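Subject: Structure handover

Hello,

Here is the structure I promised to pass on. Please open it first, then read my notes below.

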Amino acid sequence: MLEAIFNFYGSPAVQVKSILGAAGEASVGNVIGISRQVPMAVISFISNQMTQKSLFSLSKKFNIWVVQIANGITSTLSAQNGVQNRYVTVVTPWRTMLGVLNSVVAEENLNTFTVIYDEEYELLSKQVPDVIGRNAFIKFVPIDSSTERLGFAAFCSEEASSDNFLVMANTGVAEQYLGKTSKCRKHTLPNQYVFTKDNRSPMNLSCYADVLWIRPHFAKVPENIDSIIRWSSANGIQRSYFAIGNELEITFYDDIACLVNALTEASSEKGSIAEIACACLVRLRANGKYNGMQLTGPYGESPDGVFQQDVPLRLYRIFCDEWRKETFLVANWTMSSGLTKLYATGLTRNVITLRHYRVVTSTVREPFIGRRTDKNGTWTYVGYCVDLLHLLSHQLNFTYEIYEVEDGEYGIQNAIGRMNGLAAELYRGDANIALASFVPTPEREMLVDFTYPIYDSSGLAVLLKDHAREGAVAIISIMNWQVWLAMLLAFIITSVLISLFDCLSPFSGRNNQKNYGLSETRLRSFSYTESFWFCLSSCLPQGGGQVPMNLSGRVVATAWWWFCFSILVFYSASIAALVSFRHEEEQITRLEQLFQQKGIKYSVAEGSAAEYYFSRMAEVETLMDKNWKAAIASSSLGLEERVMLGYWDYPFKISYRELWKLVRDVGMPRTIDEAVKRVLASPSSTHGFAFIATEPTIEFLNVTNCRLRMVKSNLFVRHYSIGVQDGSELGPLLSAQILDLKAKNMLEALKKKWWKEDKLASCQHLWPKSMEINIYDIHTSFFIVVFGILLSLSQLILQRFISTIHKSNRISDKSITEAAYPKGLSLWAVILHDEDLS
């Protein structure tokens, strides 16, 4: 495996040498060829202590970089007396993993057990007594061809005296022999333990098993490891080793290759190998190589210069019979933290009687599942799925705890077949229930089970900005705030100038009343208030009335008239253009219309069901195109078959490969909030951004924002379900209760609660009934009329109030009143025209 990884990186040629038994310096030197050419670096898998010391001496004598891979008890040859040297020991991670057995033996109080191991685990199994370090009777049984020839009956009789079995082998071998050890007891089931360095989940257990399974845990595998697996598969190199599940070994040897490459690059330096190893294994690995991800645990350096990993392990209690298979994550273990139990029952099989389940969820967002914080700052999970889970737990009498999946995904299979997200959590046994907007897909159904649908089937939908609802403020928003502010400043400045010129000019009506030959009552005096009304009325069709008498005032008034005329022309033209443009716009009402236009860009959220749909359809389309072209070019086809294939008009009307390329070129939003912001930033109904997602998600966004609208489709019609482990009894139990809740219309009640229709109704006042001009387009004009009426009424009430207080100032002479005002005018007219009372 290590040699293949060196080939993957294109490293210098690697030679494999073997040394049997103890060897001195001369023998070791001859094997590695020191007499011919001193090697740049030596990677040693030698387990013999004498041979290790010989290699250590050669390293000091010839300045050879030596990396000792320790599968057994760690060596102290790395740093003797603090002297810098070129020899370093790196412990294999599976050797570190053996520490978990000490915790298990102490927790289970085991005094005797049988270790069953295969050839790959032989050296590791022999170290179990040293790791446990207690007086326990341990019997070792190898799994080899001789054991197979003894027959099943002899195998069982040989272990008849033991009640505890520890299988140390890879998952496939362990599954094979678990059934045999189970049948060795007719009445009492033995305690079964499995220790494996691969992280595959057992899928082929016998019909009856009860086992504590110990294996490493990886939250997220870096792309670098997947690239190695993909490269080995393409080149047919050791496919059984470079496979999904062997990430621990692949990563370890990848680290060793990285260390050796660093040593060869630093061959001319005189620094200590421990410093280079620390820089490569500890700092570089944590900060750069895997983008900060600790795949198999961090490296640490012991005081004697030995490097080893703190590999995180998980312990599962697996129970299966003819009707069900249940997996419970019962404990975590690391070398630094020890054993962390998750249940009060510890590691025993009694965990199944607790009826307490781990529920995993993905992206936390309402309405399906979200978080809400109370006044004390504590948050709880809420949503449609949480309410449904509460009803199900009450009816089935179980408890639960909710946690979020580390990678935030639902479950997507990558190019090499690795599953992630919720589906992977159920497959590994880390969770019992997956609760989210979980869509059953063929890839997920191969690994996990799904319940009866919890949400009716629906397809993809499009979220668009609803520009029709912006007509309510079109009269104001037709010009931006800078224009309105400039008009207000021009209005104030003009009003002040007219009044100021009327006051200062010697030729104004105020300063030359007699020369103009007009009476004082007929001559208009432009005070600040009068100038204000003059400028305001000049914008209206009836005009501003009598103009200023001085030339300077008339010039300012004329300039103001031209300003008002130009503004009204631009404003009227803009309103007319807006109405005409809206009438000519074609609203997108189908998803196909969105695909056929080019003005509105569209995309999907990263990791969403919509992304899965478009990517998969593009892959299927590419495969179909490839097969069709191969069939057409085949010489074995007859004329009739070739003609039949020729009628296939390809590509389709909608090319998913082109759609998938456009979606990626536009850029996929990382979150739904980011997508909504991009939609709301759309400038018009023909240009902007549209967001494609599942219908429930789009429907919830639509009812919570009046500026958005939804377009439904029949693409990717799927339903949402609750995910459970493959073969779990929870599947049929939950399905029966979901059917019962649906029959009682409780699912519909939950839907109405979280997809609130009253929020949608609150947007009704913004909905125009048709594309013609309606009351919502011009209701701001009516507001102006109403405001003027209310203001005039308030002035009238104020004048009546002043008239009542100052009765002594009223005109009481009837003869004067009749002479001044013709008959037919009421007292209301007198009051309204009386300048003394106004």
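The protein has 32 helices and 25 strands. Please keep in mind that this is a predicted model. The protein has 838 residues, and 45% of them are buried. Its accessible surface comes to about 43100 Å². Carbon and sulfur atoms account for 57% of that surface. Among contacts between residues at least 6 apart in sequence, 69% join residues at least 24 apart.

Now the salt bridges. The count comes to 24. One of them joins Lys341 and Glu107, with the closest N and O atoms 3.3 Å apart. Lys341 lies in strand E13 (residues 338-341) and Glu107 in helix H5, so the pair ties together parts that are 234 residues apart in sequence. Helix H5 covers residues 99-108.

What else does Glu107 contact, leaving aside its neighbours within four places in sequence? Leu339, Gly346 and Leu347 are on the list, along with Lys341.

A second salt bridge links Asp625 and Arg657, at 3.3 Å from N to O. Asp625 sits in helix H22 (residues 609-633) and Arg657 in helix H24 (residues 656-666), so this pair ties together parts 32 residues apart in sequence. Is Asp625 buried or exposed? Asp625 is buried, because its relative accessible area is 7% and the cut-off for buried is under 20%. Arg657 is partly exposed, with 28%.

Asp198 and Arg200 also meet through their side chains, in a salt bridge of 3.8 Å from N to O. Asp198 is buried at 1% relative accessibility. Arg200 is partly exposed at 26%. There is a network as well: salt bridges link Arg314, Glu425, Arg428 and Asp430.

Next, a polar residue inside the protein. Asn164 is found in strand E6, which covers residues 164-168. Asn164 counts as buried, because its relative accessible area is 7%. Its side chain makes a polar contact of 2.8 Å with the side chain of Asn191. Beyond residues up to four places away in sequence, Asn164 touches Leu110, Thr112, Phe113, Thr114, Asn191 and Tyr193.

Last, the transmembrane annotation. An unreviewed UniProt entry places the feature "transmembrane region" at residues 483-504, 559-581 and 778-798. I looked into residues 483-504. The chain there is 100% helix and 0% strand. The end C-alpha atoms of that stretch are 31 Å apart.

A nonpolar patch on the surface includes Trp481, Leu485, Ile492, Val496, Leu504 and Tyr528 among its members. Together the patch residues have about 1100 Å² of accessible area. Which helix gives the most to the patch? Helix H18 (residues 481-504) does, with 10 residues. Leu497 is one of the patch residues, and Leu497 lies in helix H18. Leu497 is partly exposed, with a relative accessible area of 30%.

To find your way around, I would start with the bridge between Lys341 and Glu107. Then turn to Asn164 and its contact with Asn191. Finish at helix H18 and the nonpolar patch.

Best wishes

How values were computed:
Residues are numbered from 1 along each chain as its sequence is written. This is a predicted model: local features need pLDDT of at least 70, side-chain atom pairs count only at pLDDT 80 or more; totals for chains, interfaces and linings use all residues. Side-chain values use heavy atoms; hydrogens and water are left out. Helices (H or I, at least four residues) and strands (E, at least two) are DSSP runs, numbered from the N terminus. Buried means under 20% relative accessible area, exposed over 50%, partly exposed in between (1.4 Å probe, protein chains only). A polar contact is a pair of N or O atoms within 3.5 Å; within protein, one must be able to donate a hydrogen and the other to accept it, and residues adjacent in sequence count only if both atoms are side-chain atoms. Contact means heavy atoms within 4.5 Å. UniProt positions are given in the numbering used here, feature names are shortened, and annotations may be inferred rather than shown by experiment. Patches are made of residues with over 30% relative accessible area and no salt bridge: like charges are joined within 9 Å, nonpolar side chains (Val, Leu, Ile, Met, Phe, Trp, Tyr) within 5 Å. Accessible areas come from the Shrake-Rupley method with a 1.4 Å probe; for residues, only the protein chains shown count as cover. A salt bridge is a side-chain nitrogen of Lys or Arg within 4 Å of a carboxyl oxygen of Asp or Glu.
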